[in-house]
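These are my notebook entries on a structure I looked up residue by residue. The sequence and the model come before the entries.

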Amino acid sequence: MGLLSFRGGVHPPHFKEPTSRLKVEKALEPKVVSIPLSQHIGAPCEPLVKPGDLVKVGQKIGEATSFVSAPVHSSVSGVVKAVKKTVTAGGEGLCVIIESDGLNTLDESVKPKGDIDSLSGEEIKNIIKEAGIVGMGGAAFPTHVKLSPPPENKVDTIILNGAECEPYLTADHRLMLENPDDIVYGLKAMMKVVNVEKAYIGIEDNKPDAIESMKQAVRNEKSIEIVGLHTKYPQGAEKQLIYACTKREVPSGGLPMAVGVIVNNVATAAAIANAIKTGMPLIERICTVTGKGVKEPKNLLIKVGTSFKEIIEQCGGYNGNVGKIIMGGPMMGLAQHTDEIPAVKATSGILLFTPDEASLPKPKNCIKCGKCVEICPAFLQPLYISAYSLNNMFETAEKYNALDCIECGSCSFICPSKRPLLQSIRVAKREIIAKKRKTK
């Protein structure tokens, strides 16, 4: 199969060279972790522990109380010092603060769960749910929910996103090189849950070594196909990845399952494999720490709850003054106002930019060039949605299908007038969704 792609998109500089050839290093043990009880899309967890409690690695400390949620587990063994609201990547949230005893004593629940052949699909889905596994590409949607399509949506295909199209990030790239078999194992587990016999793993062609590594890993798997993708942003977005691999188009307002597809990240698949093989819930992940603002860029295996500050110090510390800290990639990531926040399940990257890199040009008037319309992978008119949002005309913005925006940031990247297109469209989406909830 030749290289596949989608209509629209942009070609930002990759900036992956500093870390793409660096093997994953295990981060130093944190002395204290602050574990948010909301690390996923959906309802936050209810705490299961209180100050003074002793906890172990892998012990459930936050219980999901609704379907769209995911439990939270301790990444260290030690003593709970507090359960309180504190600063997190998303603002402020309830966190369990644990002082590590350095022993990493495993909870009794952490033990192998069997194998794919001996487990039923329902048992595998329950393992995924209890392990607190969420989408690790950035969205953090609870994986067991994705694997529970309603009867009217017949799913026949699963796609794993190995594109890692965001600049700077190389965590998934290294995972595909260093642990390809776990990715395949986790994918096969998901295929059994939803009873499908066809799967694709999409990888951009700027990672030829990862394509070859994954081809070797699936050489005996007739139902799994490695798909080479043109390097273009946002190649890893769900709807764009589905079109590239299957030529199916997700309808406006629809979900991937509407066209019979479920999309997950390669790191999510590896986490599923780990949960089945060892019983370990999702308490750690690979994170790329890079940018001109850090002395030693690295790919680190970090524990959930470790502070950004501590992670950055393990990379040699700051390289002079830092103008911006971003969690995730530069296109869709979120800028942070402090390094005193904990890493979470979705922390795929920590980017440190110098003041020069972080400075934003002053926006000018829209010149109606149409570039944002031409490259929008969701076939929207960003200039109009943005204009209505900036004028608080959110109902009109909705008529222009604002909710179909995937927030990839391609429009802001390409805009010659440097308009705040993505930022204003995000505001419109929040207002529209808030009004819908209020109406219900």
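Entry 1, conventions. I count two residues as in contact when heavy atoms lie within 4.5 Å. I take helices (H or I, at least four residues) and strands (E, at least two) as DSSP runs, numbered from the N terminus. The model is predicted, so I use local features only at pLDDT of at least 70 and side-chain atom pairs only at pLDDT 80 or more, while totals for chains, interfaces and linings use all residues. Residues are numbered from 1 along each chain as its sequence is written, and side-chain values use heavy atoms, with hydrogens and water left out.

Entry 2, helices α2 and α5. I looked up which residues of α2 meet which residues of α5. On the α2 side I noted Gly-121, Ile-124 and Lys-125, and on the α5 side Ala-189, Lys-192 and Val-193. Two packed helices are described by the angle between their axes and the distance between the axes. I take the axes as lines fitted to C-alpha atoms, for helices over the stretch in contact, with angles from 0 to 180 degrees between N-to-C directions. For α2 and α5 (residues 180-194) the angle is about 125° and the axes are 8 Å apart. This makes α2 oblique to α5; angles under 35 degrees count as roughly parallel, over 145 as roughly antiparallel, 65 to 115 as roughly perpendicular and the rest as oblique. I recorded the crossing of α2 and α5 as left-handed, a term for a near helix turned anticlockwise from the far one by less than a right angle, with clockwise giving right-handed.

The axes of α4 (residues 171-178) and α6 (residues 208-217) come within 8 Å and cross at roughly 40°. That angle makes α4 oblique to α6. The crossing of α4 past α6 is left-handed. From α4, the contact uses His-173, Met-176 and Leu-177; from α6, it uses Asp-209, Ala-210, Ser-213 and Met-214.

I consulted UniProt, whose unreviewed entry places a "binding site" at Cys-376, Cys-405, Cys-408 and Cys-411. The four span 36 residues in sequence, yet no two of their C-alpha atoms are more than 10.6 Å apart, so they gather at one spot. Cys-376, Cys-405, Cys-408 and Cys-411 are in the lining of the largest cavity. UniProt positions follow the numbering used here, feature names are shortened, and annotations may be inferred rather than shown by experiment. On a 1 Å grid over the protein atoms alone, a cavity is a set of points where a 1.4 Å probe fits but cannot get out, and lining residues have an atom within 4 Å of a point.

Cys-376 sits in the loop between α11 (371-375) and α12 (382-390). Is Cys-376 buried or exposed? Its relative accessible area is 8%, so it is buried; the cut-offs are under 20% for buried, over 50% for exposed and in between for partly exposed (1.4 Å probe, protein chains only). Beyond its neighbours within four places in sequence, Cys-376 is in contact with Arg-7 and Pro-382. Cys-408 belongs to the loop between α13 (394-399) and α14 (410-414). Cys-408 is buried, with a relative accessible area of 8%. Not counting residues up to four places away in sequence, Cys-408 touches Tyr-233, Pro-234, Met-331, Met-332 and Pro-377.

Cys-366 is in the loop between α10 (355-358) and α11, and is partly exposed at 34% relative accessibility. Leaving aside neighbours within four places in sequence, Cys-366 is in contact with Leu-383, Ser-417 and Arg-419. Cys-369 lies in the loop between α10 and α11 and is partly exposed at 39%.

Thr-268 lies in α8 (residues 266-278) and is buried at 0% relative accessibility. Thr-170 is in the loop between β9 (157-161) and α4, and is buried with a relative accessible area of 0%. Setting aside neighbours within four places in sequence, the contacts of Thr-170 are Lys-16, Thr-19, Ser-20, Glu-164, Thr-288 and Asn-299.

Terms used:
On a 1 Å grid over the protein atoms alone, a cavity is a set of points where a 1.4 Å probe fits but cannot get out, and a pocket is an open set with protein on both sides within 12 Å along at least five of seven lines; lining residues have an atom within 4 Å of a point.
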